[in-house]
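Welcome! Let us walk through this structure together, starting with the whole chain and then turning to a few of its residues.

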Amino acid sequence: MNNLIMLFIIVPFLAFVLLALNVLLAPKNSYEAKVSAYECGFLAIEGQTRSTFQIHFYIVAMLFLVFDLEILLLFPLAVTLYQVSTYGFVIALIFFFVLTIGFVLEIGSGAISLTNTHE
């Protein structure tokens, strides 16, 4: 069986069948606390339904993802370092150099400082 047939026909069909079985066989015992907007078990305090969100945490999370993907991209190089020759090693050094410049610029701009100086 061809892999593309498996990918584009059988997998979506299986996903649809499993979703349909879930809709048909899942217990439907909803109650007021479950369908309310606050299903965590706490009642909402009047006037305090929204809390302040500091964008700094979002920036730190995005920077973490960027550097996490850097490790993901460098893992194949580390595994095959003996086979990539000098050219692959030089490309990896350039990659490290560009990322180091980005990291230094982030530190310089204060994007990853954990002190709350942006109030």
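## How confident is the model?

The chain has a mean pLDDT of 78, and 75% of its residues reach 70 or more; pLDDT is the predictor's confidence in each residue, from 0 to 100. This is a predicted model, in which local features need pLDDT of at least 70 and side-chain atom pairs count only at pLDDT 80 or more, while totals for chains, interfaces and linings use all residues. Residues are numbered from 1 along each chain as its sequence is written, and side-chain values use heavy atoms, with hydrogens and water left out.

Where pLDDT is low, the predicted coordinates should not be read in detail.

## The overall layout

The chain holds four helices and zero strands. Helices (H or I, at least four residues) and strands (E, at least two) are DSSP runs, numbered from the N terminus.

Of the 119 residues in the chain, 9% are buried. Buried means under 20% relative accessible area, exposed means over 50%, and partly exposed lies in between (1.4 Å probe, protein chains only).

## Two helices side by side

How do α3 and helix α4 (residues 85-109) pack, and at what angle? Their angle is about 170°, and their axes are 12 Å apart. That makes α3 roughly antiparallel to α4, since angles over 145 degrees count as roughly antiparallel, under 35 as roughly parallel, 65 to 115 as roughly perpendicular and the rest as oblique. The axes are lines fitted to C-alpha atoms, for helices over the stretch in contact, and angles run from 0 to 180 degrees between N-to-C directions.

On the α3 side, L63, F67, E70, L73, L74 and L77 meet G88, A92, F95, F96, L99, F103 and E106 in α4. The residues of this contact divide into ten nonpolar, one polar and two charged. Here Ala, Val, Leu, Ile, Met, Phe, Trp, Tyr, Cys and Pro count as nonpolar, Asp, Glu, Lys and Arg as charged, and the others, Gly among them, as polar.

## A closer look at E70

E70 sits in helix α3 (residues 55-79). Is E70 buried or exposed? With a relative accessible area of 12%, E70 is buried. Leaving aside residues up to four places away in sequence, E70 touches F95, F96 and L99, where contact means heavy atoms within 4.5 Å.

## A word on S85

S85 is found in helix α4 and is partly exposed, at 46% relative accessibility. Although S85 is not a glycine, its phi is positive, about 65°. Most residues other than glycine have a negative phi.
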